[in-house]
Amino acid sequence: GYFCQNAIDGAAHDPDLVAQNILSLNAMFTEKVTEIFSDIDKDGSGWVTLHEFEEHLEDEHTKAYFDSLGIDASDVWTLFKLMDADSGHQIDRDEFVNGVTRLRGGAKTLDLAKLTQDHKFLVRQVGKFIKRTDKSLEKLLMTSLPTLSN
């Protein structure tokens, strides 16, 4: 009764046990995703092509598994591109496992913060490029005007 419930409650708040549980769940998840990769890689090449990926995602069980992870598998091409980390037009096991791990669930605070940081960086870079381009065009226009007026 009370003693058992107290022990269970205490174990749920023990950081070491929680960490061990998370590691165990991650290992099981990685094993399942690796198994799915092997199912997709029918020819055993160690790589999955877009065609193999599309073919496998037509399977309702696979679609349901991706849905359960919060991964929208309806746009297979985009999903494949997001997993193809080296843009090699094929996905190896590590790219697949890392891609599924990264894409599962909704966007996390860290993902959004990184996206915001990247966006701000790109805005600054584009602003600098525009200023340099304006200066170059101005110089070009100034050097061309005397020639054009003749």
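Modeller: The side chains of lysine 42 and glutamate 55 meet in a salt bridge, with N to O at 3.1 Å; a salt bridge is a side-chain nitrogen of Lys or Arg within 4 Å of a carboxyl oxygen of Asp or Glu. Lysine 42 lies in the loop between α2 and β1 and glutamate 55 in helix α3, so the pair ties together parts that are 13 residues apart in sequence. Helices (H or I, at least four residues) and strands (E, at least two) are DSSP runs, numbered from the N terminus.

Biologist: What should I know about the model itself?
Modeller: The model is predicted: local features need pLDDT of at least 70 and side-chain atom pairs count only at pLDDT 80 or more, while totals for chains, interfaces and linings use all residues. Residues are numbered from 1 along each chain as its sequence is written, and side-chain values use heavy atoms, with hydrogens and water left out.

Biologist: Is lysine 42 buried or exposed?
Modeller: Lysine 42 counts as exposed, at 59% relative accessibility. Buried means under 20% relative accessible area, exposed over 50%, and partly exposed in between (1.4 Å probe, protein chains only). Glutamate 55 is partly exposed, at 35%.

Biologist: How many salt bridges are there in the whole structure?
Modeller: A search of the whole structure finds five. Among them is the one between lysine 114 and aspartate 118, with the closest N and O atoms 2.9 Å apart. Both of these residues lie in helix α7 (residues 109-149), four residues apart, about one turn of the helix.

Biologist: Where is aspartate 41 found?
Modeller: Aspartate 41 is in the loop between α2 (15-40) and β1 (47-48). Aspartate 41 is buried yet has no salt bridge; the nearest side chain of opposite charge, arginine 93, is 9.2 Å away. Here Lys and Arg count as positive and Asp and Glu as negative, with His and the chain ends not counted.

Biologist: What does its side chain reach, then?
Modeller: The side chain of aspartate 41 reaches the backbone nitrogen of glycine 46 at 2.7 Å.

Biologist: Moving to α3, which residues are buried there?
Modeller: In α3, Glu52, Phe53, His56 and Leu57 are buried. They cover an arc of only 125° around the axis, which puts them on the same side of α3; the arc is that of the directions from the helix axis to the C-beta atoms.

Key: A polar contact is a pair of N or O atoms within 3.5 Å; within protein, one must be able to donate a hydrogen and the other to accept it, and residues adjacent in sequence count only if both atoms are side-chain atoms.
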